[in-house]
Amino acid sequence: MMKKDLAFLISGVGGQGTVLASDILSDVGILSGYDVKKSDILGLAVRGGAVVSHVRWAGKVHTPVLEEGSADYLIGFEWLETLRRISYVHPCGMVLVNDCRMDPISVSSGEAEYPDREKILRLLEKTAKNVVVIPGLQTALDLKEARVLNIVMMGALSGLLETDPKIWEEVMQRRVPKRFLDLNREAYRRGRALV
Amino acid sequence: MKVLLSGNEAIARGAYEAGIQIVAGYPGTPSSEILENMTQYKQVYSEWSVNEKVAMDMAAGAAYSGRRAMVTTKQVGMNVLSDSLFYSVYTGLEAGLVVVTADDPGMFSSQNEQDNRHYAKLGKFPLLEPADSQEAKDFVVKGIEISEKFDTPVLIRTTMRTSHSKSVVTLGERPKEKGKVGPFPRNMEKYNCMCLYAKKRHPIVEQRLLDLAAYAETFPWNRIEWGNRELGIISSGVVFEYAREVFPDASFLKLGMTFPLPKNLIRLFAQGVRKILVIEELDPFLEEQIKALGVQAIGKEYFPPCDELLPQTIRKIAREKGLLPNSEAEPKGAEVPVALPSRSPVLCPGCPHRTSFYLLNKMKLPVAGDIGCYNLGTLPPFSAQHTMGAMGASIGVLHGMGKSRLPEHPVCTIGDSTFFHAGIPPLLNMVHNKGIGTVIIMDNRTTAMTGHQDHPGIDKTLMGETTKRVDIHRLVKAIGVEKVLRVNAFAVGAMEEGLKECIAFQGTSVLIAEGDCVFISKTTGPSYEVDLDLCTACGLCAKLSCPAIVKVDAAHKKTRKKKSGINPVLCNGCDVCAQVCPPKAIRKGTESRGHRS
């Protein structure tokens, strides 16, 4: 019996580790018995620019990119970048947003204004039924390593999916360098405890 | 075994499974990961060549010698290598040769949106277009087979989506290794394109195309999937996958080999359906050839020639044209309700290029730019690269500016890897022809933009071997440039003085701005911080366009302008902002950067 098809969009700022997060999410899909396709933007776009990864789990996936209005989960690593991709969320979809603001140059140079946190939250809630704010960056900083943010976010997502935690463990062993494995395990555990 | 691979990883795997022994290329998004992934296959010799043309010649030499070879390039690199690819079509080869071009519809990181499928028609060689990672791998194996069967190089064309999307691939084995080759063929009538011989080769090339067209009829990845006969769709590449999802009931002619085309198969398909749509990204490459067969079809009349042709665009157009029922539940996304601040890519915190662009902006000089991370100097607040077009073009453009007797002294910016790629001949030209202008070679000791690949200025090869490092300073001296300065790119004062000295020189001058890319130096150390009591909110630090510099809530008492702060997680401690701060409010801090190592 095939499980429900799922579409994920991961949005963030270049350097936040969204590509590794989407690789891990894809592997988990395969080990959970799905056909999987994913698509990343690499190259010029990653230099501190807005980045996005598409991940689809289904019985048979044709296109690796999501259509607007089709994401079951929007996982935003930063407030502004979460709002930027809101058009992708299905009306019954869910938004996970990392409680983190990173000012783009257009803001720090005074050319544009960053919408305040409460306003972004309100706008997200207007579109998606469920919006969960994840203290992802703080959780990572508690572990003294900002770079495990991606694993904290995946841990949080895992708490919402019907996936076997053993599969996540297996995938992390495959994708994370050995010397960082314990740290990432802890990041995953703490992330999962957040939802 | 089944694994999840990107299109580029799959091509590397395909090279391994095709028994390819030599691979060469020059980095360029979206193609770079092919060669990066080759290094896991130790049986294959792979290298970053100095540019695409050299890679192509190198691969031709290998294939003449009897070794299967592959070349990788991004779409504009085809313009550089085509000169050499075209002669290899006339000569043919002793062993299989595959060229992979990764095109960039949507221009995520390219200066144009050229559709490289046209090269197959122009150069008269077969073209394969994979739709997913499985095909990307299989087509390399098949490409080598076709290359050897028909004695021709084969072009495999991916797009950013095929190259950078991941899907499940079934792995195969590598055939038995070919040990000894040679002696080298002394077959000049075949391998020397002197006009006398080449004239005899041209009819062979034409006959080969006819043979390939017959083969295309039997190519297993050119296939019909019959569905509803009201609508027949002809498509190739990842766009076929999009169309399959948007039109689940239609009939499909899926083309894996798109030059030369299987004419009989196309006619057969046309006879079986009422209406034909050709859905392809960018140019009407298939559509024009299909219409030339006398087949009625609709293509670019409906689908735009610009930008990526995404599934949602295909669906929207299909609805508008009545090709899909309007009653179908439509995935509808919410509009983004407010105008959002843009987030363009920026130079990293700690980037050595920052000083140059800060100064070029300050000195208001006209600047010819080039291709690399430093093209980010184009964007505000720097606004300091006024032209950019092709690899190495900056120095030639500078020379043209210099000879035009402008009222101001022209400058150009070029990175180390780009200088090696195509900057040496135009600098030679400037010296010989008495050019006037200043070349800033921004030497960050890597090919940064595409993911930090080696080049002749680095002492390591792609295979990980230690090698001789070409010294840019000595090279420029040897070319004959009289005024050459080397300056620490992070020393703002010295950089300014150096630039002024070069500009005052009436001739060709070169300033080498030396500073390692942060990904090479891996600079750590404490973040800098702002003393808010000293900060006057002048905003000069914001002109450095550093992602670590932010506005804070504290404002200047009189002007009410917000003061500056530094994000300790992002700051790499390069010191440049401290050097430009007039009241010396920025200094090295003590706080942890939020990184363990």
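In this predicted model, the axes of helix α1 (residues 18-31) of chain A and helix α6 (residues 149-158) of chain A come within 9 Å and cross at roughly 35°. Axes here are lines fitted to C-alpha atoms, for helices over the stretch in contact, with angles from 0 to 180 degrees between N-to-C directions. α1(A) contributes A:T18, A:L20, A:A21, A:I24 and A:L25 to the contact, and α6(A) contributes A:N150, A:M153 and A:M154; contact requires C-beta atoms, placed from the backbone, within 7 Å. Six of these residues are nonpolar, two are polar and none is charged. Ten of the ten residues of α6(A) are buried, meaning 20 or more other C-beta atoms lie within 10 Å of a residue's own.

Strand β4 (residues 71-76) of chain A is largely enclosed by the rest of the structure, because six of its six residues are buried. Its pairings are listed below; two strands pair if DSSP finds at least two bridges between them.

| Strand pair | Sense | Bridges |
|---|---|---|
| β1 (residues 6-13) of chain A and β4(A) | parallel | four bridges |
| β4(A) and β5 (residues 89-98) of chain A | parallel | five bridges |

A:L9 stands opposite A:L74 in β4(A). In β5(A), A:M94 is the bridge partner of A:Y73.

Helices (H or I, at least four residues) and strands (E, at least two) are DSSP runs, numbered from the N terminus. Residues are numbered from 1 along each chain as its sequence is written, and chains are lettered from A and ligands numbered from 1 in the order in which they are written. As the model is predicted, local features need pLDDT of at least 70 and side-chain atom pairs count only at pLDDT 80 or more, while totals for chains, interfaces and linings use all residues.

Definitions and conventions
Two residues are in contact if their C-beta atoms, placed from the backbone, lie within 7 Å. Ala, Val, Leu, Ile, Met, Phe, Trp, Tyr, Cys and Pro count as nonpolar, Asp, Glu, Lys and Arg as charged, and the others, Gly among them, as polar. A residue is buried if 20 or more other C-beta atoms lie within 10 Å of its own, exposed if 12 or fewer, and partly exposed in between; C-beta atoms are placed from the backbone.
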